[in-house]
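Please read them beside the sequence and the coordinates.

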Amino acid sequence: MSSSAAQPAIAAQPPLLARLNWYWICQLGGWLLVGLANLLLYSKLMTGTQLVCLWMAISGIAISHLWRAFIKRRGWVAKGMNWKLALYPFLVLGPLQTASVALSIHVLLQRISDLSWLPISMIVWGSAFLGWNICYSMALSMRRANRFEAETLRLELLAKDAELRALQAQVNPHFFFNSLNSVRALIYENRDAAALMIDQLAALMRYTLQSDQADTVKLAQELEAVQAYLAIEKIRFEDRLRIRIDVESGMENVAVPPMSVQTLVENAVKYGVEMSAGGSEIRIQARRGEGTSVIEVANAGAIRPFSNSTHVGLANARKRLILAMGKDASLDLSESEGWVRATMQLPATQLPVAA
C-alpha cells in the first residue's frame, strides 16, 4: 500500500553549516585577528614583533581553551553569564596572558627594561578575556535555545502523531460496532446475505488494519472500502439505499486520511436511509477545486440533532483531517434543497503510483 507513513525512513544529513565546528572557527579566527591588530599597532614602534604577535595569538588560544575546559568542568556556564565569569578574566586570565606576552618579548626580542606597561596590559587582556567569556556564554545560550526549540518541535510532532492514532482508534470501533449490529440483524432473515456481509466486513477490517499505519491513503483505496461498506448496507436496506458515485478523472491518487470518507458515508446512511421510510440516494462526488480537492457526501433529508456517537464520529473526522492534511483542510456540514451535504476540502496532494 502506498502511503506517506509507509515510506522507508531515510536519515536526514544535517546541513553544512550545522556540521561545521564553530567553536574552533571562532577561536582561531578571533585570536588571529587579535594578533594581527597588535602587529599593525606595534610593528612601527619596534622591529621583530611578528613572532611576538604570533606567540600572543597562540597563547590566547591556549589559555582560553584551557579556561573553557575549566569552566565546563565546574559548571560555571550552565546558567549563562555570572560574576565568576566577569571577575576571573581580570584576576587570572589577563595576568596569565600578560606574563606570556612578557616572556615572548624577553625570549624573542630581549628588550624588556621597563615594566610600567604591565598593569595596563593586564587590564587590556582582562577586558579581552571578559569579551571572550561574554561571546562564549551568548553562543551557548543560543545553542541551548535552538536545542529547546528543536526538542519542542519533536515533541509536538510526537503529540500530533499520538493524537492522530488515538482518533483513528476511536473511529474504527465505532464503525465496526454498527456493522456487527447489521450482521446480527440479518442472520435471522437471510443467512446467505449475512455470509456475504461478513465477507465484505472482513475486507473492510483488512483495509482498516493496513491503513492504521498510514496518515493518508489514495482516494481510490478509500472508495473501495466505502463500496464494501455500502454493499453491506445494501443487503440490509435493499431498495431503500441507492448509490451514486461520481469521481472526476485523475482524482484516484489524491491523498485522504483513511476512513475519512467512510465516516461521512456511514453518517449519511444512518440519518438519510435508516431514519427514512423511503430511504435515500447516497451521492459521493470527488472533484477538483481551486488548488484543492473537494469530496462531498450527500443524502436526502435534513440535519438532525446529533446523537453522541455520530457527533464523536464527525468531530474525529474533522480533527483527523486537519492533523493529517494541515490547517488548509476543512470539513463542513450543510443543508440545502432537501439534501444534507458533508463537504471535505483538502490540499490536492497526489500519492505516488505504486511501481
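1. In which strand is the place of Ser 293? Ser 293 belongs to strand 5, where strands (E, at least two residues) and helices (H or I, at least four) are DSSP runs numbered from the N terminus. The model is predicted, so local features need pLDDT of at least 70 and side-chain atom pairs count only at pLDDT 80 or more, while totals for chains, interfaces and linings use all residues. Residues are numbered from 1 along each chain as its sequence is written, and side-chain values use heavy atoms, with hydrogens and water left out.

2. Ser 293 has a relative accessible area of 1% and is buried (buried means under 20% relative accessible area, exposed over 50%, partly exposed in between, with a 1.4 Å probe and protein chains only). Beyond its neighbours within four places in sequence, Ser 293 is in contact with Met 251, Val 254, Arg 287, Met 344, Gln 345, Leu 346, Pro 347 and Ala 348; contact here means heavy atoms within 4.5 Å.

3. Strand 2 and strand 4 run parallel and are joined by seven bridges; Ile 245 stands opposite Ile 284 in strand 4. Strand 4 and strand 5 run antiparallel, also with seven bridges, and Ile 282 faces Asn 299 of strand 5 as its opposite residue. The hairpin of strand 4 and strand 5 has three residues between the strands, and Gly 291 there takes a positive phi near 75 degrees. Strand 5 (residues 292-300) is joined to strand 7 (residues 339-347) by nine bridges in an antiparallel pairing, in which Ile 295 stands opposite Met 344.

4. Which residues have the most contacts inside the largest nonpolar core? They are Leu 219, Val 261, Val 265, Val 269 and Ile 282, in a core of 48 residues (a nonpolar core is a set of buried Ala, Val, Leu, Ile, Met, Phe, Trp, Tyr and Cys residues joined through side-chain atoms within 4.5 Å). Helix 7 gives the most to this core, with ten residues. Val 265, in helix 8, is buried at 0% relative accessible area; its contacts beyond four places in sequence are Val 226, Tyr 229, Leu 230, Ile 282, Ile 284 and Val 297.

5. Another core, of 20 residues, lies apart from the largest one and includes Ile 61, Leu 85, Leu 93 and Phe 129. Trp 31, in helix 2, is buried with a relative accessible area of 4%. Among the residues that Trp 31 touches, not counting those up to four places away in sequence, are Ile 61, Trp 125, Phe 129 and Trp 132.

6. The count of aromatic pairs comes to ten (rings of Phe, Tyr and Trp, the last by its six-membered ring, pair if their centres lie within 6.5 Å; planes under 30 degrees apart count as stacked, over 60 as edge-to-face and the rest as tilted). One of these is the edge-to-face pair of Tyr 23 and Tyr 136, at 6.4 Å centre to centre with 70 degrees between the planes. Tyr 23 lies in helix 2 (residues 22-42) and Tyr 136 in helix 5 (residues 118-187), so the pair ties together parts 113 residues apart in sequence.

7. Both members of that pair have computed accessibilities. Tyr 23 is buried at 16% relative accessibility, and Tyr 136 is buried at 11%. Ring pairs link Tyr 23, Trp 24, Trp 132 and Tyr 136 into a cluster. Arg 68 lies over the face of Tyr 23, at 3.8 Å from the ring centre; a charge sits over a ring if NZ of Lys or CZ of Arg is within 6 Å of the ring centre and within 35 degrees of the ring normal.

Terms used. Pairing = 2+ DSSP bridges.
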